[in-house]
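Student: Could you walk me through this structure, one topic at a time? I'd like to understand the terms as we go.
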Amino acid sequence: MCRSVDLRTQVLAKNDATAERLRARLTARGTTVVNLLSSPGSGKTELLEAELALAGERGVPVAALTADLATENDATRLARSGAPVRQVLTDGLCHLEAAMLGGHLEGWLPADTRLLFVENVGNLVCPASYDLGESLRVVLASVTEGEDKPLKYPTAFGLAHLVLVTKTDIAEAVGFDEAAFRAHVERVNPGVEVRLTSARTGSGIGTLLERALAAAGGAPVHTPVMARTRADHGQADGHGHGHGHEHADGHGHEHADGRGHGHADDEAPRAHGHAHQHA
Amino acid sequence: MHEMSLALAVVDQVEEAARSHGAESVASVRLHVGELAGVVPDALSFCFGLACAGTVLEGAELIAETVPGRARCTPCGGEWAVGMPPDLCCPDCGTPAEDLLSGRELRIADVHWGAPRPAATGRPRVPEES
Ligand SMILES: Nc1nc2c(ncn2[C@@H]2O[C@H](COP(=O)(O)OP(=O)(O)OP(=O)(O)O)[C@@H](O)[C@H]2O)c(=O)[nH]1
Ligand SMILES: [Mg+2]
Ligand SMILES: [Zn+2]
Ligand SMILES: [Zn+2]
Ligand SMILES: [Zn+2]
């Protein structure tokens, strides 16, 4: 028996594959998923409530699923908009995964839903790594969080299709430096659109709905540099195409199938979850 | 913390490989973790130890190799280490990177099998058992 095996599989291959299937399934029935990410308390629920209400006025069939560690408060708030809402309690898990989302949609998501907004758990670390089958990933930051938030959470901001600044009604009071914030976003995600909003004053409300409808209509969505690898697999991709990384350990084991150990086949498909069979 | 979910995913995939290779124990698992993968290596190592308990990976070593983020500029053809926090615009001409060459990986590179477990070799197997 060979003493070692080159697995070369993505740790998140299962989630990526599930997300891909979910995206295909939902797209086929005319539903587009929007994934909302931010720190706790950035204003996801408040903004979403306003956007859902606007969608209702315009006759756009929308639905929302909100994930929290505990309490049904967010669902209660969102339901005031009149849209179908589902609360998911993650029971301690700090992010949503594609399989969890898929499971919660079974038997709940109304057939005619055009846009499904998913309010992820308030957390900028792990939700960034989990593709939920969304077509639009929106990252929010409130003016109270500091202009360097994008630098502290580069993976989250770096994979955003759209960045929304929230609570601009208090920007002046907290001395929010818009230019610095924009420069920091540009550094980790060049070219991504940044829009200012305030759920309190209504300023900038409607942007999210417009961008979501555009994505649903097939308009091209921004492709972040971080999501761009040579084979262009998409955002949750973790391939390091041609990264030129060499083993420093020089353990030089032989593989019975005659392949070297230089990881030259990194362009293998992302969901290729099999082990190479050694003779 | 999602490192536990990641550790469980690693264990899951290695268990599967161990079954198909007939391996009875695992000496080490090597991961490639990009700087921009959003993973804390220490937290991952800690969770890995917990996730391995009671599986064929019990006692396995986790070798997490950090892969630096690198990007490339199309107009000037240069490559640079993006650093942390990353800068994805070219340090020479300011053009946004065309793509990220490395830094987002979260990948199982290889697995080294260990010796057969004493418990499994302690008595001769009769064919009906396998
Ligand atoms: N001034 C001001 N406050 C706001 C605005 N939007 C939200 N808030 C307040 O900010 C706090 C948090 O808002 P939420 O909408 O609950 O934030 P969230 O991101 O959904 O929070 P979690 O779900 O807990 O992560 C609440 O007290 C809101 O009233 C706004 O536009 N302006
Ligand atoms: Mg909320
Ligand atoms: Zn998590
Ligand atoms: Zn350049
Ligand atoms: Zn090796």
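Tutor: We will look at the metal ion, the ligand beside it, and then some backbone and side-chain details.

Tutor: Keep in mind that this is a predicted model, in which local features need pLDDT of at least 70 and side-chain atom pairs count only at pLDDT 80 or more, while totals for chains, interfaces and linings use all residues. Residues are numbered from 1 along each chain as its sequence is written, chains are lettered from A and ligands numbered from 1 in the order in which they are written, and side-chain values use heavy atoms, with hydrogens and water left out.

Student: OK, which residues coordinate the magnesium ion (ligand 2)?
Tutor: The magnesium ion (ligand 2) is coordinated by A:T45 through OG1, A:D74 through OD and A:E119 through OE, at 2.0 to 2.1 Å. Donors here are N, O and S atoms within 2.8 Å of the metal (3.2 Å for Na, K and Ca), and since water is not among the atoms, sites may look incomplete.

Student: What spacing do those donors follow along the chain?
Tutor: The donors of the magnesium ion (ligand 2) follow T-x28-D-x44-E. Helices (H or I, at least four residues) and strands (E, at least two) are DSSP runs, numbered from the N terminus.

Student: Is A:T45 buried or exposed?
Tutor: A:T45 counts as buried because its relative accessibility is 5%, and A:D74 is buried too, at 11%. Buried means under 20% relative accessible area, exposed over 50%, and partly exposed in between (1.4 Å probe, protein chains only).

Student: Switching to ligand 1, how many residues surround it?
Tutor: There are 19 residues around ligand 1, and the closest are A:K44, A:T45, A:R77, A:D169 and A:R200; a residue is near a molecule or strand if one of its heavy atoms lies within 4 Å of it. The space taken by ligand 1 is the largest pocket. The elements of chain A that give two or more residues to the shell around ligand 1 are α2 and α3, and α2(A) gives the most, with three residues.

Student: New topic: where is the cis peptide bond?
Tutor: A cis peptide bond joins B:M84 and B:P85, with omega about -5°, and B:P85 is found in the loop between β4 (79-81) and β5 (99-102) of chain B. Most residues other than glycine have a negative phi, and most peptide bonds are trans.

Student: Which residue has a positive phi of about 70°?
Tutor: A:T71 does, although it is not a glycine, and A:T71 is partly exposed, with a relative accessible area of 42%.

Student: Last one: what does the side chain of B:E65 join in a polar contact?
Tutor: The side chain of B:E65 has a polar contact of 2.4 Å with the side chain of B:R30. A polar contact is a pair of N or O atoms within 3.5 Å; within protein, one must be able to donate a hydrogen and the other to accept it, and residues adjacent in sequence count only if both atoms are side-chain atoms.

Conventions:
1 Å grid on protein atoms, 1.4 Å probe; cavity = no way out; pocket = protein on both sides within 12 Å on 5 of 7 lines; lining within 4 Å. Sits in = over half its atoms within 2 Å of the grid points.
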